[in-house]
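Take a look at the model below. Then work through the questions with it in view.

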Amino acid sequence: MLESIFQNLINALQWGSFYSLIALGYTMVYGVLVLINFAHGDIFMVGAYIAFFIATFLIGHFTLPGGAVLALSIPLTMVLTAGVGVTLERIAYRPLRRKGAHRLYVVITALMCGLVLENGNLALLGASRKSFPELVDKVVYTVGSVSMTNLKIAVVISAISVFLILQFIVTRTKIGMAMRAISYDKFAVPLMGIPIDTVIVFTFVLGSSFAGLAGLLFALSYPILDPFMGAIIGWKAFIAAVVGGIGDIRGAFLGGFLLGFVEILVVAFFPSTYRDLIAFTILMIILCVRPTGLFGVAKTTKI
Amino acid sequence: MRRFSVPALLLIMSAALVGMAYQEYIDLYIQSVMMFICINIILSSSFNIVNGFMGEFACGHAAFMAVGAYVSSVLNVMLFTNDKVFGPPVLSPDLALYFFPLVLLAGFVAAALAGLLVAIPSFKTRGDYLAIITIAANFIVTSTIINIDTVGGSRGFMGMKKIIYAMEDVVELPWMLIWVIVSTILSVWLIRRFVFSTYGKGIIALHQDEVAAEIMSVNTNKMKVIAFMLSSGLAGVAGALFGHILGYINPGSFGILKSTECLVMVYLGGMGSLSGSVLSAILFTLLLEGLRFVIPWVDGGLHFIHLLPDAYHLSQVWKWVIIPLILILLMQFRPEGIMGNRELSDVFPRLKRWYSFK
Amino acid sequence: MAILRINNLTQHFGGLCAVSNFSVCFEGRELMGLIGPNGAGKTTVFNLASGFYKPTDGEIVFNGNNIAGLKPHQVTAMGIARTFQNIRLWNDMTVLDNIRISQHHNLGYSLMDAFFRTRRYASQESRIESTAREILEALDLLEFAGELPKNLPYGIQRKVEIARALSIKPKLLLLDEPAAGLNSSDVQDLIQLIRWIHSEFDIAIWMIEHQMAVVMNLCSWIKVIDFGVTIAEGTPDEIQNDPEVIKAYLGDEEI
């Protein structure tokens, strides 16, 4: 009994890590742009596919050991995925920001960009699922009768490291301070001599590269890729970010793990088809009862 | 005389359409395109109530379509057909014709009640958060249907074709076409009556300044409930008609893609323009159908000039790249859509001579 | 019977006390002023009276009915109308529509009537329209009936907002900084307008205002609050010479 609890705990930690990594991206962009980048889950998907192409390319053209391929893939994937995110910002969101367009239009654009990425992938690459090559031998560690693979541990460690890095950047560096400043008052920031576009691009770089990392790790853990993998995970990560309090990194991080735990609990007691239903119901309830989430701060309007 | 010009025109056009369908001058494909145009008109204009006139940002319209589709289909199949799950018909199939409007009404009511699911949260939330709530509601509705095995779950539900046969057995007319046309005219008429009355203008006031509306004696919560319920209810009617035309429904057809279609139609036509949403529904449906032919031509053409590798063919999935792209371009270059928030009579004032619009 | 009686009204926002033990009484057709520095809590008092907040403590009784905690549209239906510091007209609807919508508490027809355009609908809509036109005419605004407020000069917009408030036939009119943003000739017009409204209609007027010319000219009684606490009240002369008021708000310059 206890072992299955621990087993489930490990799984929850793993899924929670994926959600956290993606939720961090959502929350950062929201903090800086007050925009829910609905396309972020699909950037995760793009990251996974980029990782796939890089890995198969490296394996095919150079005979490198799996570990080396992995070591090369990680930074390449992160950089390229960051590129995708920045491109999205540049082509779709920045022009609207320049025009001072209503936020509604930007949100719709974000939703649509996500759909373009998903369906574009499906249209260009076809419906056959891609299978990610095995790069690292799985090593199973067993403590008692609880087993965990080195991969799962790596995933959790990555999530925690990323969170610590981000927390450092946001609280200790100048650009992190600029990011926080923008979330309070977008108009004052350029007046203080801070190049707002640079900060925004930096935010997208951070968010997208970590989503890319999540994509790579996910592809390693669950090697079958499909164009819509980002959609539902993106939504779950988004739920996590909202539950934690969107705009706050700690909220996203904790929210991700919270959601991971809740899902594992649900699957333990209910049929698995209920998993998504319950996740979304939780979202609804939180949004109705405490829309600012765990760490968020309520904004009041002056009448 | 001016009061009756447009109704008379509509009556003549509808009668002509039905007549041609009956005589089989227009084939089934054209008939179904016409019917989908009408269904999209209902979807687009009902969605416009909430997203356009009331200025909210709901994204889950397809959820209410699903409710209406399932409730009315299950009701009809249960009452009038011999079904594996529901058993023999409860009432005689001959009555299916007379009960159809009632079944549509049941779909309306069920969907309207489901609309409360988003109406109540809307009291306290707006903008992005309401968008999320409505998308979540969309997922919740489809997930719930997937989990209900008696209506087929993710495999879908069918049997509605038998209802159509039952109706045609009584009087041989293209009944679905008739019901669709009548429902469309009724929906647009209802919406128009609502939005152009002082009562309905309350929701426009709500949009432009909610605080001022509340202080000027508009019961904003009640208006939100009415708007959401009317909007969802009509979406339910559209869903019911959709289900019966296809003869088969499954939760997958009422997901985020369907809601996206509704979003495109509303913003293409113009938030807050009834004539805009009717126009954009027509244009959009024709566009979708047109792409069915255009994509293979483009594919052929691109292969002919050797721009595409031989193994690769443009599939219909490109439709789903083009549609979101349209909306993205719209947001960039003409976010107010075709008509903005004006009506046909504002753009062409001469029309006012022929028909009293408001 | 007093129209409006507020007793010991207190409002806390978290740890902040915005209004503390505020009391006022309107017997009938007074024209009263509420002044004080920015952030003193004046608009909060109006928000409490019009129903936007539920008071932490105290009572608000209007025409014998306890209205504390009612929703704003209910308070309005009972006869309190209000304007805002920043003009809150519906900019994409005609002036006439702006006035018509304020009749929502008194539509006289139901949703079904609207759908089916019954006779009741027609007669009530024409009553609403004629009420709207009447008030526009009374305030000399009929020529602007078909215009959009965003295209009108600021002074006219302010007048329209006041007309909209008057169209609900209130017993008490709350004006929140009506002179804000007006140039000096518009301010003179506004003073005349308020004086005229006060004499023509059976109405009490309560006004928040920073422009002393307006306050001292129009009000028969003034209350001064600072940090949520009433620091003085009296006639314009008394207030102008009150040392507390001068220290907190007016300053030593001549009015």
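This is a predicted model: local features need pLDDT of at least 70, side-chain atom pairs count only at pLDDT 80 or more; totals for chains, interfaces and linings use all residues.

Residues are numbered from 1 along each chain as its sequence is written, chains are lettered from A and ligands numbered from 1 in the order written, and side-chain values use heavy atoms, without hydrogens and water.

Q: How many residues does chain B bring to the contact with chain A?
A: Contact means heavy atoms within 4.5 Å. Chain A gives 42 residues. Chain B gives 36 residues.

Q: Which element gives the largest share of the side of chain B that touches chain A?
A: Helices here are DSSP runs (H or I, at least four residues), numbered from the N terminus. Those giving two or more residues to this side are α5 (127-146), α11 (256-269) and α13 (319-333) of chain B. The largest share, eleven residues, comes from α5(B).

Q: How many salt bridges does the rule find across the interface of chain B and chain A?
A: A salt bridge needs a side-chain nitrogen of Lys or Arg within 4 Å of a carboxyl oxygen of Asp or Glu. Across this interface the count is zero.

Q: What is the volume of the largest cavity?
A: On a 1 Å grid over the protein atoms alone, a cavity is a set of points where a 1.4 Å probe fits but cannot get out. The structure holds one cavity of 30 Å³ or more. Probe spheres set on the points fill the space that counts as volume. For the largest cavity that is about 60 Å³.

Conventions. On a 1 Å grid over the protein atoms alone, a cavity is a set of points where a 1.4 Å probe fits but cannot get out, and a pocket is an open set with protein on both sides within 12 Å along at least five of seven lines; lining residues have an atom within 4 Å of a point.
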